[in-house]
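Please read this briefing alongside the sequence and the 3D view. The points are grouped by topic.

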Amino acid sequence: MKLTKRAEPVKASEQGHLQGCLQNNGAARGQGLTRRAFMVNSGLVAGGAVAAGWLAPAMMQRAEAKTVAAEVPVEVKRTICSHCSVGCGVYAEVQNGVWTGQEPAFDHPFNLGGHCAKGAALREHGHGERRLKYPMKLVGGKWQRISWDQAIEEVGNEVLRLRKESGPDSVYWLGSAKHSNEQAYLFRKMASLWGTNNVDHQARICHSTTVAGVANTWGYGAMTNSLNDMHNSKSIMFIGSNPAEAHPVAMQHILLAKERNGC
């Protein structure tokens, strides 16, 4: 990745964000159920599509951004970072349907033109050179590419072995906060197909402690104020927290309170 400067004038529609772009130069049977049928019907083989499903179709045509010539016109699409619930603004730069660069939105009220490390790597998750695109297996200390059929067969054999030896309740199914409602529903059905009620969701684990603490303190089980409310604070106390490291976007708003109010 390197920082390059636009050669063409900035369009009126693009006023308000950085005149630059980041260009990427490299761009068994078990209880009557077969291994492959279980893995396919339960949706595991769709994991790659689910992981990239939030991207617009036009941005997912090709992952090899390095094949796009630099002189190809750049189309700017405004979007939102998908890593967490803060909702930082992102300008995605697209060439011939390929997401080739990104900028933080300078006119966005949350991230104010900045990115955390995860947000800065947003494009790489879908189009980076190091993105995993097919099954890999560690053999003799080295990663080797294997076929989807082999991957499904080996994983299916192993999970069915675990269920046969230790029972279906020996496996804990943990859903992702990145799942949509429909994906969470499918995941719950998948655990039922497996034969257990041992299924949970990452958000409950992540927020059960904060909900208990906040609800007992403020009478409400979620955060009580917005980032913009920090600007009016005259005193902020941190206990066991380092927002400059853990939440650099919020830290910008904390520093605004320091500048404006002497917080």
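Two strands are said to pair if DSSP finds at least two bridges between them. Helices (H or I, at least four residues) and strands (E, at least two) are DSSP runs, numbered from the N terminus. This is a predicted model, in which local features need pLDDT of at least 70 and side-chain atom pairs count only at pLDDT 80 or more, while totals for chains, interfaces and linings use all residues. Residues are numbered from 1 along each chain as its sequence is written, and side-chain values use heavy atoms, with hydrogens and water left out.

**Strands 8 and 9**

- Strand 8 (residues 136-139) pairs with strand 9 (residues 142-145) in the antiparallel sense, over four bridges.
- Methionine 136 has arginine 145 of strand 9 opposite it.
- The hairpin of strand 8 and strand 9 has two residues between the strands, and glycine 140 there takes a positive phi near 60°.

- Buried means under 20% relative accessible area, exposed means over 50%, and partly exposed is in between (1.4 Å probe, protein chains only).
- Strand 6 (residues 89-95) is largely enclosed by the rest of the structure, because seven of its seven residues are buried.
- In a regular strand the side chains alternate between the two faces of the sheet.
- In strand 6, Gly89, Tyr91, Glu93 and Gln95 point one way, whereas Val90, Ala92 and Val94 point the other way, and all are buried.
- Strand 5 (residues 75-80) pairs with strand 6 in the antiparallel sense over six bridges, and isoleucine 80 has glycine 89 in strand 6 as its bridge partner.
- Strand 6 also pairs with strand 7 in the antiparallel sense, over six bridges.
- Tyrosine 91 has glutamate 103 in strand 7 as its bridge partner.
- The hairpin formed by strand 6 and strand 7 has two residues between them, and asparagine 96 in the turn has a positive phi of about 55°.

**Histidine 108**

- Histidine 108 is in the loop between strand 7 (98-104) and helix 3 (117-120).
- The relative accessibility of histidine 108 is 8%, so this residue counts as buried.
- A polar contact is a pair of N or O atoms within 3.5 Å; within protein, one must be able to donate a hydrogen and the other to accept it, and residues adjacent in sequence count only if both atoms are side-chain atoms.
- The side chain of histidine 108 has a polar atom 3.1 Å from the backbone nitrogen of phenylalanine 110.
- The side chains of histidine 108 and asparagine 111 make a polar contact (3.3 Å).
- Contact means heavy atoms within 4.5 Å.
- Leaving out residues up to four places away in sequence, histidine 108 touches Arg78, Ile80, Gly87, Cys88 and Gly89.

**Cysteines**

- A disulfide is a pair of cysteine sulfur atoms within 2.5 Å, and the structure holds zero disulfides.
- Cysteine 81 is in no disulfide, and the nearest cysteine sulfur, that of cysteine 88, is 6.2 Å away.
- Cysteine 81 is buried, with a relative accessible area of 10%.
- Cysteine 88 counts as buried at 10% relative accessibility.

**Helix 9**

- Helix 9 (residues 248-261) has 14 residues and reaches 20 Å from its first C-alpha to its last, close to the 20 Å expected at 1.5 Å a residue; the expected span is 1.5 Å times one less than the number of residues.
- Which residues of helix 9 are buried? They are Val249, Ala250, His253, Ile254, Leu256 and Ala257.
- The buried residues of helix 9 pack against helix 8 (243-246).
- Lys258 and Glu259 are exposed residues on the face of helix 9 turned away from its buried side.

- Isoleucine 236 is in the loop between helix 7 (202-218) and helix 8.
- Isoleucine 236 is partly exposed, with a relative accessible area of 29%.
- Not counting residues up to four places away in sequence, isoleucine 236 touches Ile254, Ala257 and Cys263.
- Isoleucine 236 and cysteine 263 are 27 residues apart along the chain, and their C-alpha atoms are separated by 7.0 Å.
- Alanine 117 is in helix 3 and counts as exposed at 67% relative accessibility.
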